[in-house]
Amino acid sequence: MSEFELFDRNKLDIKPLSERVHDIDISENIPVDPKHKCECDKQSGDYDELARDIINAKNSGSTVLMMYGAHVIRKGCSLYMIELMRRGLITHFATNGAGSIHDFEFALIGQTCESVAKYISEGQFGLWKETGYLNDAINAGDKEGLGFGEAVGKYIWENDFPNKEQSVLAMGYHLHVPCTVHVGIGNDIVNEHPNYDPAAAGSTSYKDFLIYTKSIEKLEHGVFLNFGSAVTGPEVYLKALAMARNVAKQEGREIYDITTAVFDLQPIKEDTGIEPDKTNPYYYFRPWKTILLRTVADGGKSFYFCGDHKDTVKTLGDILITMDEV
C-alpha cells in the first residue's frame, strides 16, 4: 500500500448534464453535400493528389487511417467521417479520450463542450453525471474483452442513444469499422468520476493500440491522415509503425510506400519536406518531424494542409466522394 494519502472521489458533487451550459449543439454538424463548396485553399492541387492516393489505397485493400483530435468532432465533421466510413474510403478511425467524450455527449444529448473558465472557477469542470456513463461502457467492455472504442460504440448503439447515427464510434461499431481510442490517465474529465476504473481504461485502450497497429501492418500503399492531433496522433503512429515494420522485415515485406498528410491550424510557411533546425520552435511540432518526414523517409510522400477542420475535412471528403462515384 502507498504511504501517501489519496483523494476521496466519493466526496465529489456530480451534477446532471441538464444543469450544464453547453457551448456546441449537434445541429452544427456539417451535412454531407459535395455540391456546396466551402472556402478552403486547395493548395496547388494537393487535395486531388491525396484523394487519388486514398482511392488507390481503397482499391488495393490497403489501410487508410484517420487520426483526429477532439476539435474535429466539435467542429461538426462527424457526418462526413461516417460517410467516408460507409464508402470504405477510411478503413480505421482513431482519436484521443476527449474525442470519444464529445462523440458520446453528442450521441446522448445532442450537445457538448463546457466553459473551462466558468466551471473550473466553480470547481465543477467535468463533473457531470451522464458523461460518467462512458466509464460504465468501458468497464462493461473490458469484461467482454472489447477495445475502448468498440466498447463505447456498442454502448451508444445498443442503448439507442438519440443521435447514435451521428456518432463516429457508434457507426464504427455498427458498420464493423475499427474506431480506436488512445487515452492517458488524468487527461480526461471522466477520470475525475468515482466510477472510473483505470485498469479497465488501460486494458481497453491498450487493446485499441494493438488493433491500431494491426491496421498499420497494411499501410504499404496506404494513407495515414492526422487531423489536429499534435501529440497523441504522431506518437501512437510512430510506435505502431515501428512494431509493424519490425514484423514485416522478419517476413520479407516492406511498409515504406506510405502517403501521409497533416491537417492543422499551424500556418507553416517553410518547406515541410525539410526537418526544421533545433533552434526553430517547429522542431518540437511532432506532426512535422514524425508524420511528414521521418516515417516517410524511405519511399513515402507527405502533404501539409493548414485550415479549420470544418473546411479541410469537408474539402477532402467532397473530392473523395466525387472521385468514388466516377
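**View 1. The largest pocket has a volume of about 680 Å³.** This is a predicted model, where local features need pLDDT of at least 70, side-chain atom pairs count only at pLDDT 80 or more, and totals for chains, interfaces and linings use all residues. Residues are numbered from 1 along each chain as its sequence is written, and side-chain values use heavy atoms, with hydrogens and water left out. A pocket here is an open set of points on a 1 Å grid over the protein atoms alone, with protein on both sides within 12 Å along at least five of seven lines. Grid points are joined across faces, edges and corners, and a volume is the space filled by probe spheres set on those points. The pocket is lined by 31 residues, and Gly 97, Ala 98, Ile 101, Asn 187 and Asp 188 are the closest to its centre; a lining residue has an atom within 4 Å of a point. Two or more lining residues come from each of α2, α4, α9 (198-216) and α10 (232-250), with α4 giving the most, 5 residues. Helices (H or I, at least four residues) and strands (E, at least two) are DSSP runs, numbered from the N terminus.

**View 2. Two cavities of 30 Å³ or more turn up in the model.** A cavity is a set of grid points where a 1.4 Å probe fits but cannot get out.

**View 3. Glu 105 sits in helix α4.** What is its burial state: buried or exposed? Glu 105 counts as buried, at 2% relative accessibility; buried means under 20% relative accessible area, exposed over 50%, and partly exposed in between (1.4 Å probe, protein chains only). Leaving out residues up to four places away in sequence, Glu 105 touches Leu 17, Arg 20, Gly 110, Gln 111, Thr 112, Cys 113, Thr 131 and Ile 189. Contact means heavy atoms within 4.5 Å.

View 4. A search of the whole structure finds 0 disulfides, a disulfide being a pair of cysteine sulfur atoms within 2.5 Å.

**View 5. Strand β2 is largely enclosed by the rest of the structure, because 5 of its 5 residues are buried.** Val 64, Met 66 and Tyr 68 cover one side, while Leu 65 and Met 67 are on the other. β2 pairs in the parallel sense with strand β6 (residues 223-227) over 5 bridges, and Leu 65 has Phe 224 as its bridge partner there. Another 4 bridges join β2 to β3, also running parallel, with Phe 93 as the bridge partner of Met 66. Two strands pair if DSSP finds at least two bridges between them.

**View 6. Helix α3 (residues 78-86) is mostly covered, with 7 of its 9 residues buried.** The buried ones are Ser 78, Tyr 80, Met 81, Ile 82, Glu 83, Leu 84 and Met 85. They pack against several elements, including β2 (64-68), β3 (92-96) and α12 (309-324). After α3 comes Gly 88, whose phi is positive, near 75 degrees.

**View 7. The largest nonpolar core has 60 residues.** A nonpolar core is a set of buried Ala, Val, Leu, Ile, Met, Phe, Trp, Tyr and Cys residues joined through side-chain atoms within 4.5 Å. Leu 50, Met 66, Tyr 68, Leu 225 and Leu 316 touch the most other members. Helix α1 (residues 46-60) supplies the largest share of this core, 6 residues. Look around Leu 316 and you'll find contacts with Tyr 47, Leu 50, Ala 51, Ile 54, Leu 225, Phe 227 and Phe 263, not counting residues up to four places away in sequence. A second, separate core of 26 residues includes Met 67, Ile 216, Val 262 and Val 296.
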